Amino acid sequence: MAVNFIYPEYEAARNYDRCIACRVCERQCANEAHEYLEDIGKMACDDTKCVNCHRCVALCPTRALKIVSSGNTYKENANWDSKTINELYKQAESGGVLLSSMGSPCGHPVYFDKILINASQVTNPSIDPLREPMETKVFLGAKPREIERGKNGELINNLPPMLCLSMPVMFSAMSYGSLSYNAHECLARAAQKLEICYNTGEGGLHENFYQYGANTIVQVASGRFGVHPQYLNSGAAIEIKMGQGAKPGIGGHLPGTKIIGDISRTRMIPEGSDAISPAPHHDIYSIEDLRQLVYSLKEATGYKKPIIVKIAAVHNVAAIASGIARSGADIIAIDGFRGGTGAAPTRTRDHVGIPIELALASVDQRLRDEGIRDDISIIAGGSIRSSADIIKAIALGADCVYIGTAALLALGCHLCRTCYSGKCNWGIATQEAKLVKRLNPEIGYTRLYNLLTAWRHEIKEMLGGMGINSIESLKGNRLMLRGVGLNEKELDVLGIKHAGDK
Amino acid sequence: MGQSNIGQSYGNGENRYKEGQIRIPAGCAISGIIDKSGRRMSGEAIIKSIAVMRERSNGLGGGFAAYGIYPEYKDYYALHIFYDSSHIKRECEEFLERHFDIINLSKIPTRKMKGITDEPLIWRYFVTPLPTKLAESQLDEREFTAKCMFRINTHIEGAYVFSGGKNMGVFKAVGYPEDVGRFYRLEDYEGWCFTAHGRYPTNTPGWWGGAHPFALLDYSVVHNGEISSYDANRRAIEMYGYKCTLQTDTEVITYIIDYLHRKKGLTFEEIASVIAAPFWKTIERMTPKKRQIHEYLRVTFSAQLITGPFSILVGFEGGLMALGDRLKLRSMVVGEKGDIVYIASEEAAMRIIEPNLDAVWAPKGGQPVIICLNQEK
């Protein structure tokens, strides 16, 4: 026993002067960390079970609880830090691959934080969005190569199918199964009210959610779970998932314990069987195979839906994107290194892939260099945390962004990074009925709506500050960005100048 | 990004940058006159008009575009070229001889002016593409000529083609515009349309090529404003083979107009709906047919939308278009007298040459004023 003991990183600090032993914390904790000691009439906590999700902190009526760092340390070592040591202990005990949830918490550079945005002074007036129109509407999809005219010279509408969004943000792919039914309902309803889209992920589409089809992106991933003609035709667009930023080169695995009831039916697999998505699509071993799938899906949907191809940001992402742009796909989604996940091997999550800012800048430039940027739209994802990140992503060249973690935070997620346990105390990443019902869809969808409404206001303020009154004039407008503390090469890849440079 | 060298700067301190090395915002004055009947007038009037708005420029650039001035050579491209030295001139002329039949060449006549200094060699060539070269290139005549202009401007350091249309010409320099007009003896030319520009750059590069109008083939643009969509527009247009060597708004606007009109075949009304597109809210209120057209243009050419303040005059073969940004952040008034239409940043600039205008009005933001010749010349 002793050799495998790992002292908890965090502990629940209880102020006994405030605690009234109401036992709310005990009832709320699915990890069973809190316990009422009858003989002394006091609450106690087993910190080894605590995941630091803050459910008890938020619900304690007397504010008697907070979670603090336990302060237990190994002998300080710049090479062998405590995280590394603990992970090694766990593997020595289990012989298994380490598993993690959500985006990488490691300290890799966040380039968004090293980029600053411009504003107008004197020579060009800033625009007040409260007084003047400020447009955030975007269209995603390929643009016609040539314009066509009818007999009388009138323009013929030869636009390929497109996604029309009221603002350049969508909810990224998170499957029903990895998320609860209520979480999906929140996303779907918010997408509808915001006139944007959410994404089914690889979990199929629950029959109750077909009503939100116009605001739904249906995903086709390597396991093909839940894919059938009605599903494909129900959405506004179809996304082929080739990769995910949190786990490039890795497939997915939803354990059989979660494949129950509606989830089993929606995914079209037997209850209790593991849902394993292979690492590659086994019908796509090269770019020409991708083209076949793109056109198979177009055939299946009568060429009425734009096709998105989602890839993880990896080293040669620009060349891959160039291939995708020539594959018939209408939109490419690039998922950066810091993107979230329900579960991924820790080593992959923390060591594979590249940051979205660099990948995005490089893809946008490459597609322009090859003259094919108009053939495809770009969605950037992989840790978009605020409206400022959105402005920066669009100025770097994105048409739109995906948010995942940010949306979950709006629903109550406290980033405890234990989604893989299935015991989400906030009712988001769980299938336990008593936990799921904690997420009220009415409140959840309102909070998502509020979040993006707030972001929309902020986007408009920043656009107006730059003297821009339409989001399309920000797209790829890299002169609006400046780097701080970046080296020549980083600036070069991002295609921006350093702050203070002429 | 986009560092390019277009010859040496003229007589400036070493620490100054010229267009192409740095992005320079500028405020300005513009004026234009067009006679719809095609009757030709002297360049005197436009000089008087732009001189009224001296306050709006700061002596760091002025210029004119004149249409219908070379009727005797109307079938030939008139190339106006600045040279740093006679050595570069020889190099450039060798290039021209390899690609064009040169019908006529001469120095552009100028007169010494106190306010105009450091002039480069200024030459004019009337040319037509060599048939063999043209066939070999598999391009149409206009594309071939435009490509050659780009080639000279980017590859022959110290040579700069600043005008290259048929039966039209651009005249520009560093100085106040009225001095520039006198310098080029504009009063000796007769044309059916003139535009003028007085520049107020916020930096002092003082390079002649950086003055306005900016022209490509027979399209010329004078522009007052500073567009906020610049880099979005630049990066988009460069994808179609244009090179924005000057980093000025006027350059990118000219390329956008060339792209939309010559390459995509849009009408000037449609071009106005692209670069100063109606707001989505306005489009939603349109009749279904109109709505479809505007939606189509906005979606297809979203990267050619121009935001931020601008008022522009676009000269082209057979007409003139005036357009302001959709919020009307720059002034522009239109006056009419018989067949003659005046457009200027300020009403005074029209009144000085025609005190008794039939009508004076200010176009709304994003509303194009397109004046075409009644009949071809």
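Two strands pair if DSSP finds at least two bridges between them. Strands themselves are DSSP runs of E, at least two residues long, and helices are runs of H or I, at least four, numbered from the N terminus.

A word on what we are looking at. This is a predicted model, where local features need pLDDT of at least 70, side-chain atom pairs count only at pLDDT 80 or more, and totals for chains, interfaces and linings use all residues. Residues are numbered from 1 along each chain as its sequence is written, with chains lettered from A and ligands numbered from 1 in the order in which they are written.

Chain B, please. Here 4 strands make an open sheet, in the order β5-β6-β4-β7, with antiparallel pairing. β5 (100–107) and β7 (159–163) of chain B are at the edges with a single partner strand each, so one side of each has no neighbour in the sheet. Take β7(B): its pairing with β4 (residues 77–83) of chain B is antiparallel, over 4 bridges. In that β7(B), Ala159(B) sits opposite Tyr83(B).

Now chain A. Where does β13 (residues 216–220) of chain A sit? All 5 of its 5 residues are buried, so the rest of the structure largely encloses it. Buried means 20 or more other C-beta atoms, placed from the backbone, within 10 Å of the residue's own. Both faces are covered: Thr216(A), Val218(A) and Val220(A) on one, Ile217(A) and Gln219(A) on the other. Why two faces? In a regular strand, side chains alternate between the two faces of the sheet.

Partners next. β13(A) pairs in the parallel sense with β12 (residues 198–199) of chain A, over 2 bridges. β13(A) also pairs in parallel with β14 (residues 237–241) of chain A, over 4 bridges. There, Val218(A) faces Ile238(A) in β14(A).

Definitions and conventions: A residue is buried if 20 or more other C-beta atoms lie within 10 Å of its own, exposed if 12 or fewer, and partly exposed in between; C-beta atoms are placed from the backbone.
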